[in-house]
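Here's a quick tour to read alongside the 3D view. Keep the structure open and click on each residue as it comes up.

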Amino acid sequence: MAIALLLFGPPSIEIDGVVQALPFERRHQLLLILALRRGWVPRSELAALLWPDQSDKLAYTNVRKALHRLQDLPWAQDVEAQGNALSFAVDTDVAAFETALREGRSADAIARRRGEFLAGFDDPANEAWTAWLQQERERLRTLWRGTALDHLGAIADPQLRIELSAQLLAQDAFDEAALRAHGEALLQAGQLARAQAVWQEFATRLRRELDVEPSVELRAWHEGWSRAGRHASSSRPVMAGGPATGARDGFVGRSAELQRIGTLLRDDGVRLLTLLGPGGVGKTRLARRVLDELAAGFADGGAFVPLEDLTDAAQIANRVARECGVALSGRTDALEQVIGGLKSRRMLLVLDNVEHLAGAAQLLVRLLQACPSIAIVTTSRVRLALDDEQLFPLHGLPVPDLEDQDRLEAFDAARLFIRTAQRVEPALVPEAEAAAIVEICQLVDGLPLALELAAAWTRAMSCDAIVEELRRGTELLSTSDPARPARQASVAAVFEQSWSHLGDAERRALAALSVCRGGFTAAAARQVAGASAPVLASLADRSLLRKDEGGRLQLHPLVQQFAADKLGQGDAHRAAADAHARHVLNRLALLAEPLRRADRDAMRETDLEFENIRAAWTHAAHGGLTDALGRSAMALTSHCDHRGRISEGRGLLRDAADAPPVAADARLQARLRAYAAHLAYRLDRYDEAIAEAESLLAAGSVDQRAWLQCQRLLGATYLQLGQPDRSRAHFQQAHDAAVEAGDTLSAAGMLDNLALLERNSGRYAEALRMSQSALLLFRRAGAQANIALCLNHLGTLYLVQQDLDRAQACFDEGLAICEREGLIGTKGHLLANRADIALRRGDLDGAGVFGQRAIDLARQHGYKGIHAWMYLLSARVAVCRHRLREAREAIRDGLDMALELGLQALLTGGMLPLAEVLEAQGERDAAREVIGLAATHPRTTASDRDELLRVLDGWGGPLSDGPGRLTFDDVLHRAVVEADAAYAPMLAALRGSR
């Protein structure tokens, strides 16, 4: 059965060539969303979109009901479920439309859109659906509009041009570009009367519905062809240099910039606008497009005046005269003659590349003062510094992220790269090299010239190979392209031209700033490069430095690479790198205590500076700046711990500890190894953590801070491994030492950990007292990370006592803190516990949602313990849904991971879902025996034993007495290896033991 969904116009389905309409129903809405997404969609997203006003539980129930109703639709049987997500792989006209766009088949794409997306499927009572539908409609309208406008120039048949432009105008009756396209199509076909009628209809509608008049630009356009009658197409003012269209000059994107420039020139009365940006950013192309689109709004049109080949500002007047058709004669000053010729004109001038002409600013002032109806747009790498100058900074084109691989065409940088590459390598398939294309765009930060130069290499190498070359340096971008003007034949040539105009102080500062990473503050620039405010301002004026929205200073990645080449690897580089490392790490050290508490401002500052921190740390370790390492180690560890950068932080600490300068300082090396061991513990590397901590304590080279870290680490690790006595001894020592040292935060942390031991021993009242005392201390200190972790521990205490309401309140408050402060590790535990709460309440969908979020976080950050825990919980959910095979597989995966980690709590906890599977298979006696093995295991905590016995009590009867044939370890290993056999051999052995 061949199936396709038609989503443009009223939704319908085509089955084996027969089309039938789809009525507006929830189940059809659900199917259309799945078909449009073409991938896995979480049930939570469907519930929130289709039933936003209902509780989560009721919304999930409605999703289930909708899925059940799909059984009545034979063509919907291919809907798949995977965990908490759904998928429906079916062809759609929207997918065909987007594929045609990606492949450059404009005509095919245009024909696919037969009407408004999901026409008739509006639901005003559902705000979430309405917002989503409007967003999708606007996205598809915009894609179709842009394609149609571009395609009009390629249509030779006048009637087809008229029909397509009419469709554009029908889509949006107030679309000025569509009006002009339709009017010009009619004029070129000789239909002057019809063009006049279309204009009158447009103007009347504007007045009637919006109470506004057509824009000045549109009126000028209309007046121009009205005067010329049937020769309208030749009456539009000629743009010197030729109006550039996207098809001819490779122009891509910049729609927001064009709109803003139009507003400035047309509505805000700006008369001198400077398109400011580094070489290669696309200033000239944008200026040509501005002229092309806006000149019609000026009665006398516009002119493009190229200045790049001039050597003296005195030559500008002659060039303007030539491009504007002003005849020069005699010995009269050329500028005066130009002023005389332009004084009465109302026109737009574009002066391209003025930065190298000293004295150009004064000429422009005279021209603007003497010619009141002229507006000037200049392109420059340097601002003109005139009072009336309106700066318009240009940066790179928008670049995609890795998760945007499936929609590259939505990003201008990727579109430009792909379009340029396919000119030299028509066989390029963007989808096959999407990840590499994304990285190319990021490496050059969307700089158009660099994108085009890189794309040219696709004729000789793959996109992956281009990425590798760009990572190694700028050689690809330094190679000249003979097809380009000399000044833009390569990115290197562009940079050299800017470098040549810098003074010595500016060159020194720019070169030294190349050691910074990810942006920097003005204070850092002073410390690292000795750059004063005037020097920074000068670099910014020359488009070599820019300030982002947050106020941080940034070097374009390519400017940074070329500046680094100027700095070299000698003494100047060493001095700059030393200054950078000291400044960054000294600042990090000052944030140690705030970071320990997860202070929001300190965390955000460190987030912003992390690329600098990484570079400074590595240089300090191998460059011998050991004092800076010692002061900042705790801050680095805290931040990496809170933000889930565990593997990265551990790698930085271990690399530094092994560096020769650090190895010569035993106490510093011990401190770094202790912090690295802590992060190993966070990654569930318990053997490594214990070995490192015990080795350090035995060596006796640790200072007080490292000693406390080792004691805390050993207590936590032995707790996870089910060795409470050893855990208690280390926690108690750490607690007593922290109290003696006046370290309230560490003392409270040890108290919270000791409370866990009391909980596991079944002494709930004492555990509650200790945990609440610790929480009070954390709240007084404002230590958000500790508060969230303590709330998690307190919630588990309420959980084992079956007080679900208090437990959930603790978990929810902790989750809110983690979400607000960006605390990753504790968030994983809280999500897992919320999944447990949902399961105990019978909310299987909620358990699945929280569990999946915990799994996603664990996978991303390497938290294997949480991952194993969620496998086991998902097994219990599967049992409740009577999906026993799924449950057995989850138990196998969870126990296999728990065995690898040696986590006793998970090994004991894994017996519960195993017993529930056996009971569901009709093997209650075997299930009871498994529960008994877990409950009587010497390392099972009292709290876990209580949980097991509660389940057993629900099945009726006491624990089995006497030893069986299988041990606890036997059952564990059989649960892993016999999952596919439904535990048949294990069941036979258990029966034989009775």
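**A residue to start with**

Let's begin at Q802, which counts as partly exposed because its relative accessibility is 38%. You'll find Q802 in the loop between α39 (784-800) and α40 (804-821). Its phi is near 65 degrees, a positive value in a residue other than glycine. Bear in mind as you look around that this is a predicted model.

**The big picture**

- The protein has 50 helices and 14 strands.
- Picture a box of roughly 120 × 75 × 50 Å, taken along the principal axes: the C-alpha atoms of the protein fill it.
- Of the 994 residues in the protein, 54% are buried.
- The accessible surface of the protein comes to about 42,600 Å², and carbon and sulfur atoms account for 49% of that.
- Take the contacts between residues at least 6 apart in sequence: 67% of them join residues at least 24 apart.
- The protein has 115 positive and 132 negative charges, and the mean positions of these two sets are 2 Å apart.

- Mean pLDDT for the protein is 86, with 94% of its residues reaching 70 or more.
- Which helix has the lowest mean pLDDT among the elements of the protein, and which has the highest? Helix α11 (residues 246-249) has the lowest, at 43, while helix α31 (residues 646-658) has the highest, at 95.
- Over residues 230-248, pLDDT stays under 50, and the model has 34 contacts beyond four places in sequence for that stretch.
- Where pLDDT is low, the predicted coordinates should not be read in detail.

**Nonpolar cores**

- In soluble globular proteins, nonpolar side chains tend to be buried together.
- Here, the largest nonpolar core has 156 residues, and W617, L914 and Y983 are those with the most contacts inside it.
- Apart from that core lies another one of 85 residues, including V252, A414, A434 and A531.
- What does Y983 touch, not counting residues up to four places away in sequence? The list is R888, I891, L914, V917, L918, Q921, R974, A975 and E978.

**A closer look at L348**

- L348 sits in strand β10 (residues 347-352).
- Is L348 buried or exposed? L348 counts as buried, because its relative accessibility is 0%.
- Although L348 and A375 are 27 residues apart in sequence, they are 5.0 Å apart in space, C-alpha to C-alpha.
- Not counting residues up to four places away in sequence, L348 touches a set of residues that includes L265, V290, L291, F298, A375 and V377.

- D684 is in the loop between α33 (666-682) and α34 (686-699). Phi of D684 is near 65 degrees, a positive value in a residue other than glycine.
- D684 counts as buried because its relative accessible area is 11%, whereas Q802 is partly exposed.
- H867 belongs to helix α43 (residues 864-880), and H867 is buried, with a relative accessible area of 10%.
- Leaving aside neighbours within four places in sequence, H867 is in contact with I855, A858, R859 and M897.

Conventions: Residues are numbered from 1 along each chain as its sequence is written. This is a predicted model: local features need pLDDT of at least 70, side-chain atom pairs count only at pLDDT 80 or more; totals for chains, interfaces and linings use all residues. Side-chain values use heavy atoms; hydrogens and water are left out. A nonpolar core is a set of buried Ala, Val, Leu, Ile, Met, Phe, Trp, Tyr and Cys residues joined through side-chain atoms within 4.5 Å. Buried means under 20% relative accessible area, exposed over 50%, partly exposed in between (1.4 Å probe, protein chains only). Contact means heavy atoms within 4.5 Å. Helices (H or I, at least four residues) and strands (E, at least two) are DSSP runs, numbered from the N terminus. Accessible areas come from the Shrake-Rupley method with a 1.4 Å probe; for residues, only the protein chains shown count as cover. Lys and Arg count as positive and Asp and Glu as negative; His and the chain ends are not counted. The place of a charge is taken as NZ of Lys, CZ of Arg, CG of Asp or CD of Glu. pLDDT is the predictor's confidence in each residue, from 0 to 100.
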